[in-house]
Amino acid sequence: MSVCPPYAPFFGFAGVASSMILSTVGAAFGTSKAGIGIAGLGHFRPELIMKSLIPVVMSGIIAVYGLVVSVLIAGRLDPTQDYSLYAGFVHLGAGLACGSTGIAAGYAIGIVGDSCVRAYVRESKVFVAMVLILIFAEVLGLYGLIVALIMNTKASDALCS
């Protein structure tokens, strides 16, 4: 049985796709949900719009995490070199770790951003709490990025014989 089957890169490319697609879906949800709150805020207090863009910026960062992991995994996929099944599964796991935490973080940022921006219209003291909660929501995606980076380094240990 071969250690480097010809279908092994499929799993690596699935990791690339899952990292980029899932984290971008999370970022898109966070942007849209927070944007709805900002649109509601702009009707009543347009001067607060610029300070309320923080959730939109933070959810965009989630997509950058997925992009970083996708580029790192895709950089390891070289058709001139052997690619082990172990490396394929590790890259799939790294992509899923980054992508699934990206969905969770984007969802959290969207819900918190929408609610806090609407509350910010009525009470300005909510702003600091909003930023702190958004940071904790963003860290969910950062955890996935860190795990994916660690897993990506482990995939380089697998050599084909």
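The paragraphs below treat a helix pair, then a loop residue, then a helix residue.

This is a predicted model, in which local features need pLDDT of at least 70 and side-chain atom pairs count only at pLDDT 80 or more, while totals for chains, interfaces and linings use all residues. Residues are numbered from 1 along each chain as its sequence is written, and side-chain values use heavy atoms, with hydrogens and water left out.

Two packed helices are described by the angle between their axes and the distance between the axes. For helix α2 (residues 54-76) and helix α3 (residues 85-122), the axes come within 8 Å and cross at roughly 175°. Axes here are lines fitted to C-alpha atoms, for helices over the stretch in contact, and angles run from 0 to 180 degrees between N-to-C directions. Helices are DSSP runs of H or I with at least four residues, numbered from the N terminus. The crossing makes α2 roughly antiparallel to α3 (an angle over 145 degrees). The contact (heavy atoms within 4.5 Å) involves residues of α2 including Met58, Ile62 and Val69, and residues of α3 including Ala94, Cys98 and Ile109.

Ser84 sits in the loop between α2 and α3. Its relative accessible area is 3%, so Ser84 is buried (under 20%, with a 1.4 Å probe and protein chains only). A polar atom of the Ser84 side chain lies 3.0 Å from the backbone nitrogen of Ala87.

Phe44 belongs to helix α1 (residues 8-44). With a relative accessible area of 62%, Phe44 is exposed (over 50%). Its C-alpha atom is separated by 17 Å from that of Gly113, 69 residues apart along the chain.

Terms used. Helices (H or I, at least four residues) and strands (E, at least two) are DSSP runs, numbered from the N terminus. Angles under 35 degrees count as roughly parallel, over 145 as roughly antiparallel, 65 to 115 as roughly perpendicular and the rest as oblique. A polar contact is a pair of N or O atoms within 3.5 Å; within protein, one must be able to donate a hydrogen and the other to accept it, and residues adjacent in sequence count only if both atoms are side-chain atoms.
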